[in-house]
Amino acid sequence: MKRLNILIITLLMVVSAFAQQNSDGKVSFFSVVNNQSNSMPQAAVSALESKMQQMVTVDGYGSAARCDRFVIVAKPSVVTKDVTPTTPTRISQTVEITFVIGDVVENKTYASCALTFSGIGVNETKAWISVLGKLKPTNEEIKKMLSDAAGKIETYYSANCRTIISKADTDAAQGNYDKAIASLIEIPDICSECFSYAQNKAVEIYQRKIDTEAISLLSKAKAEWVAAPNSVGANKAMQFLKQIKPQTSSYAEKEKLEQNIIEKLSEDERRRWEQEIRRYNDELKLRQKEQQNSHQRQMARISADREERRNSHSREMAQIAACRSIAEKWAENQPRTNVYLNW
């Protein structure tokens, strides 16, 4: 196939799960229509993008909300175009659409196929819509392309899993916890062994992250209280203490400091402090409940007679959800750059 440098999109140079995050670990593809020649009306571009999203989801893959790594690119090309000598005139055209699936981070193409369709309409937009109406998401060539790409993606992660995990460990050791978590969460479940190991490693690094942050927050809170053992110092300390998560190793010490502060405040100040703590704890419980509810479907599959296992799984799902959130935020803060996919 002729090699062309096609500008895909301005994207975040990151693999976020966050692309794949919406699909809970499934490999996801972002749909891109290469309309550099502006030969397609915008309505036709939108229709083709919608068809492409159907193509990936009908085969069990995820349709990514933004371009993070894996893309499916369509390049339409008009083969013939005629204007009929009728009243009203009609536009008849034959179009070849080349689809390519690739990895914009590795700058690789994994699979492709080309399909040809004809259509007719009273204007150019309707002629294009007529063409696209012949494109079926269940087309066998498209299904084969997706299957071939998925196989190569699985091979990539199988071959590079240890390297990815090792790099994540190195990033975490250097304090780059969010980057490490992002690189692990992006691994799709198409490579089940690597996916499972990466999810566990992400949770492990997440725990290290929040433990490290808790130590720093606790230290800052103590410093504020020592500097001003009154309501002013208590309020400043609270701003740090309320950021410490319950599952951290420093949480018991955080609660001890809170109690110490409460005991030393006046009655009015004590009541105000206790209300602040209760309000924060209520908000925390609400956030935890929302995280658990987001995984209600997974939890529903666990039988009632395995209560302990269910609770453990719920906590794990909440931690993975937190990891995905971290990865998304990290991705959004990365510098943007133009990325090209060769085909």
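Biologist: What makes up the accessible surface of the chain, and how many Å² does it come to?

Modeller: It comes to about 17700 Å², of which 47% belongs to carbon and sulfur atoms; the area is from the Shrake-Rupley method with a 1.4 Å probe, and for residues only the protein chains shown count as cover. This is a predicted model, where local features need pLDDT of at least 70, side-chain atom pairs count only at pLDDT 80 or more, and totals for chains, interfaces and linings use all residues. Residues are numbered from 1 along each chain as its sequence is written, and side-chain values use heavy atoms, leaving out hydrogens and water.

Biologist: Why does Gln-93 count as buried?

Modeller: Buried means under 20% relative accessible area, exposed over 50% and partly exposed in between, with a 1.4 Å probe and protein chains only. Gln-93 has 1% relative accessibility, so Gln-93 counts as buried. Of the 343 residues of the chain, 44% count as buried.

Biologist: Which residues does Gln-93 touch?

Modeller: Leaving aside residues up to four places away in sequence, they include Phe-117, Ala-127, Trp-128 and Val-131. Contact means heavy atoms within 4.5 Å.

Biologist: Which residues of helix H3 are buried?

Modeller: In H3 (residues 124–132), they are Ala-127, Trp-128, Val-131 and Leu-132. They cover an arc of only 135 degrees around the axis, which puts them on the same side of H3; the arc is that of the directions from the helix axis to the C-beta atoms.

Biologist: What covers the buried residues of H3?

Modeller: The cover includes helix H2 (42–58) and strand S4 (70–83). Helices (H or I, at least four residues) and strands (E, at least two) are DSSP runs, numbered from the N terminus.
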